[in-house]
Amino acid sequence: MAYDYENFKHDVYKLTDINLSLYKERQMKRRIESLIARKGHKDFESFYKAMRTDNELLRSFISYLTINVSEFYRNPAQWELFEKKMIPYLEKNFGRRLNIWSAACSTGDEPYTIAMILSKYYPLNQIKILATDIDEDVIAFAKEGVYSAKSVAGLPKDLLSKHFTKDGNSYAINDDIKKCVEFKKHNLLKDRYPMNMHMIVCRNVVIYFTDEAKDNVYTNFHNTLVKEGILFIGNTEQIVHAKEIGFGSMDSFFYVKN
């Protein structure tokens, strides 16, 4: 029997722990076929065999698969709402020691954005953010904390000047903000979730998952949050079964655990 996408999904799961069956098939299959052609392979089978012996190819596949598109202060109106409404809410309900999780954090732009905004209101030694991603390469990049001018272009000028050091065409985030963020590897579709979070930020990630996988992720987020904790999602997303899962709508793209 010919080796097809079903075989590829099965083998990739064994190799990487990434379950491609939980991603929207038509969209993901097309992306992978494009990558296979670009890397000079003829089909799924030859590409998979090459990944088994070429660690660099395997890492590039995982990075491509996890769709690492990120930038600082992405969708400014949402961050303004976070600062003006959500931070006062969190402090009123949970005090000044907050457990915040940036899930699928990509290259670190998002958790560092959270830390910089929080630093306006809290001492840096009180800010602790857990940031996770499935891709070890982007975690390493995030820990390094050096970004292009394009990545930081959307940041308010006061945050950019206060928290970054310019070096040629690059911007290095300052160590005091880096120390606020702990990076770990985590697979949203497989691994155990952390507990007792006051806020989870997961934006523009689950849009690539199947509807069943989305509901599982949102249910796990609900279990992770303390009562009245906040889930902050992306501007391209909505939680279709929010009420059934146990979320109420707090504001645009912000949900509260009932």
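Select helix 1 (residues 5–16) and helix 3 (residues 44–53); helix 1 passes helix 3 in a left-handed crossing. A crossing is left-handed if the near helix is turned anticlockwise from the far one by less than a right angle, and right-handed if clockwise. Helices here are DSSP runs (H or I, at least four residues), as are strands (E, at least two), numbered from the N terminus. The model is predicted: local features need pLDDT of at least 70 and side-chain atom pairs count only at pLDDT 80 or more, while totals for chains, interfaces and linings use all residues. Residues are numbered from 1 along each chain as its sequence is written, and side-chain values use heavy atoms, with hydrogens and water left out.

Remain with this pair. The axes of helix 1 and helix 3 come within 10 Å and cross at roughly 10°; axes are lines fitted to C-alpha atoms, for helices over the stretch in contact, and angles run from 0 to 180 degrees between N-to-C directions. Helix 1 is therefore roughly parallel to helix 3 (angles under 35 degrees count as roughly parallel, over 145 as roughly antiparallel, 65 to 115 as roughly perpendicular and the rest as oblique). Display the side chains next: Tyr5, Phe8, Asp11, Val12 and Leu15 of helix 1 meet Phe44, Phe47, Tyr48, Met51 and Arg52 of helix 3, contact being heavy atoms within 4.5 Å.

Select Arg52 in helix 3. Arg52 is exposed, with a relative accessible area of 58% (buried means under 20%, exposed over 50%, partly exposed in between; 1.4 Å probe, protein chains only). The C-alpha atoms of Arg52 and Val12 are separated by 9.7 Å, although the two are 40 residues apart along the chain.

Move to helix 5 (residues 76–94) and helix 6 (residues 109–118), which pack at an angle of about 50° with their axes 11 Å apart. These two helices are therefore oblique to each other, and their crossing is right-handed. Trp79, Phe82, Glu83 and Ile87 of helix 5 make the contact with Glu110, Thr113, Ile114, Ile117 and Leu118 of helix 6.

Turn now to the aromatic rings. The structure holds 20 aromatic pairs. Select Trp101 and Tyr193: their ring centres are 5.4 Å apart and their planes at 90°, so the pair is edge-to-face (rings of Phe, Tyr and Trp, its six-membered ring, pair if their centres lie within 6.5 Å; planes under 30 degrees apart count as stacked, over 60 as edge-to-face and the rest as tilted). Both residues are buried.
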